[in-house]
Amino acid sequence: MPQQKDIVKIAIQMPGAYPQLIQLDQKKPLTAVIKEVCDKWNLPGPDNYALQYADGIQTYITESNRLDIKNGSILRLTKAPGRCAEDLYKGIQSSDSGVRCDSLKLLADVSTDITFAQEFISRDGHSLLVKIVEDAHEAPLIMTHTLSAFMELMDHGIVSWENLSSVFIKKIASFVNAKVLDASIQQVSLAILESMVLSSNSLFHVVKQEITLERLISHLQVTNQQLQTKAMALLMAMLQAGGEADRQELFEFLEKRNLRQYIHKNIIHSSSSVGDEMAHYLYVLQTVRLNHLEARMRTPLDSYNQEQRDMLHGLRQAAFETESESGLSNDRRRSLCAKEFKKLGFSNNSNPGLDLCRCPPGLLALDTMAYFASRYPDAYSRFVLENSSREDKHECPFARSSIQLTLILCEILRIGEPPSETGSDYHPIFFAQDRLLDELFCICIQLLNKTWKEMRATQEDFDKVMQVVREQITRTLSSKPTSLELFKNKVNALNYSEILKLRQTERLHQEETLAPPVLELKERLKPELLELIRQQRLNRLCHGTLFRKISSRRRQDKLWYCRLSPNHKVLHYGDVEEETETPSIEALQEKIPVADIKNVVTGKDCPHMKENKGKQTKEVLDLAFSITYDVEEYSLNFIASSRTDFCLWTDGLNVLLGKEMSSESMRSELEILLSMEIKLRLLDLENVPIPDTAPPIPKPPSNFNFCYDFSQAEQ
């Protein structure tokens, strides 16, 4: 009695008969199963029959694949592969063109099955197809079926492509080169040539000699999308085959023939949608073309290379109207150059080449900066001069920003990454612009300056600004703009406030999709994490902070220090010298009991801001806060050195007064802590034992002979 797992319940069909419902014993030979089915239908000669899937890919059932049959499968009793191959072999040679056409059409369909393909090829059927192609006497429809059947047979890898005759290859190439020919024949011919090119280097050279590249490019200008796709497939295959010299030669030819423009005009711009296969080829072409920039991206600046040094100094000279350097001493010239390179935003102003030693982006960053300076000189000068003349710590460093922006663009465009076999994420804008990276840089560096001002950023916020700019670029590119102008309009419309709105919307959507237990967990965790932030704020106040005083001339003239006592009852403060490190509480002469503090005010509500109303900059207003005490007649006025210090102190003072913390820093930290804590709580710990107590300390070893004896080494 067979085991239950060896029994599969299936249905078997045959035209003109009622289906049979059987229990297939997987241990019984397939020939015996077929014989039983034939006996029930009174069919003689069971050897002439086989089972085949009735739905989907109609594969023959064999001893090797029969275990894939699932319960409920529907099979069909049909001709055995050998009998089918013999009948089609004879039908192809019939003198009746109708019979030949029907036989070739059926052959193209059944040749997808490897079992049939082996039977047909064993009868030398593929050679019969080759002869039909070489003679080229058949009608277009018959020729299309012949080529399709041949392609399906060859895809199984039973016969080597290199066994094909030169006459056959030339004939296939002539179909592609023909100006007037049935499109179906050309589609299959292009697919056959693609397989040849990918199969071996020798066939690549044969096809390269036979095919007319001008004609191949012209296939991209037709309205037939299938023909366009097959032509693109062959072009990509030729780009990836052969040696490096062959690929470079073909690539240069395609560049001269403006392949990019053909694609943009005839495939992207004229089509409402691009098929998955074409999208993959466009992605491959984009990757191959952009990867020509990889060498520059991986190469650091060479300080001894005169051309590179000239490019570097050209940036400085294009930005500033420098006095003639010929009459200056070496020290004076170096001092002048260092000063101007600092204004340009180089970190190593005495040797700016060190900034370009980072790879990536390497020399590519120098290329993009030089392109921006030469292509858009007015925008370049405006950017540099606007930021180099600022004295409020809000200047945007051009060089540092450019280097980081170039790196971001390289990562977004995946420069240096080989094309994947399944990739299809291409950028339509790539085919609308010759120097995509350079032009994108020119738009995005100006966007960066705009975003920097919108965020009122300082040097401390550099990484935050770059994250926002990366998001602006990626979000805009994901909308698939088809032109540079469209990209520019969209990316500039996506300002900092819009990014914040999108982030908030996505965060709310993410929270809405959380399961109720997760939301409940989040609410339970909030009090605990808020208390953690409160303690951190109080600890920071206990450590203290150095503050500055601003005179009427708006320059820094005195420093003072303020800190909270360890028992959180008294604020100690006092003037300190410029070089003083953290002073002790005893060194701070003035103090205010926390119990006397009445309120904390910020910005324009501060007493020291009201006294100089209209004279303070936006920066100072954003960093100013005061505490009032006694009967609100007295106040202690602060101007934080950074937004971080402002948030820490205002939060800490509110905690002392028993009020809620309200800074953006607190909200950000709470969100991060909540996210981390929830992820930790939701870790899959099933079947992972967690002990209630620490594991016992193991017993000491019986001896310590494994220790190294240093005394022996000393002797």
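Helix H28 (643-656) lies across strands E9, E10 and E11, running at about 20° to E10. Helices (H or I, at least four residues) and strands (E, at least two) are DSSP runs, numbered from the N terminus. Axes are lines fitted to C-alpha atoms, for helices over the stretch in contact, and angles run from 0 to 180 degrees between N-to-C directions. The model is predicted: local features need pLDDT of at least 70, side-chain atom pairs count only at pLDDT 80 or more, and totals for chains, interfaces and linings use all residues. Residues are numbered from 1 along each chain as its sequence is written, and side-chain values use heavy atoms, with hydrogens and water left out.

**The three-stranded sheet**

- Strands E9, E10 and E11 form an open sheet in the order E9-E10-E11, with antiparallel pairing; two strands pair if DSSP finds at least two bridges between them.
- Strand E9 (597-602) and strand E11 (634-639) are the edge strands, and each pairs on one side only.
- From one strand to the next, the twist averages 20°.
- Strand E10 (residues 624-629) runs antiparallel to E11 and is joined to E11 by six bridges.
- Ala624 stands opposite Ile639 in E11.

**The four-stranded sheet**

- A further open sheet has four strands in the order E2-E1-E4-E3, and its pairing is mixed.
- Its edge strands are strand E2 (20-25) and strand E3 (49-53), each of which pairs on one side only.
- The twist here averages 40° from one strand to the next.
- Five bridges link E3 and strand E4 (residues 74-79) in the antiparallel sense.
- Leu51 stands opposite Leu77 in E4.
- Helix H2 (residues 81-92) packs on this sheet and touches E3 and E4, with its direction at about 50° to that of E4; contact means heavy atoms within 4.5 Å.

**The largest pocket**

- The largest pocket holds about 1700 Å³ of space.
- On a 1 Å grid over the protein atoms alone, a pocket is an open set of points where a 1.4 Å probe fits, with protein on both sides within 12 Å along at least five of seven lines, and lining residues have an atom within 4 Å of a point.
- Grid points are joined across faces, edges and corners, and a volume is the space filled by probe spheres set on the points.
- The lining comprises 46 residues, of which Lys464, Tyr496, Glu664, Ser665 and Ser668 lie nearest the pocket centre.
- Helices that each supply at least two lining residues include H22 (462-478), H24 (496-513) and H25 (516-543).
- H29 gives the most to the lining, with 10 residues.
- By class, the lining has 13 nonpolar, 11 polar and 22 charged residues; Ala, Val, Leu, Ile, Met, Phe, Trp, Tyr, Cys and Pro count as nonpolar, Asp, Glu, Lys and Arg as charged, and the others, Gly among them, as polar.
- The pocket lies between domain 3 (298-320 + 333-507) and domain 4 (528-667), because both give residues to its lining; the domain bounds come from an automatic or database domain assignment.

**Backbone geometry**

- Most residues other than glycine have a negative phi, and most peptide bonds are trans.
- The peptide bond from Cys359 to Pro360 is cis, with omega near -15°.
- The peptide bond from Pro360 to Pro361 is also cis, with omega near 10°.
- Pro360 is found in the loop between helix H17 (330-344) and helix H18 (363-375), and Pro361 is found in the loop between H17 and H18.
- Ala136, a residue other than glycine, has a positive phi near 55°.
- Ala136 is found in the loop between helix H5 (125-135) and helix H6 (140-154).
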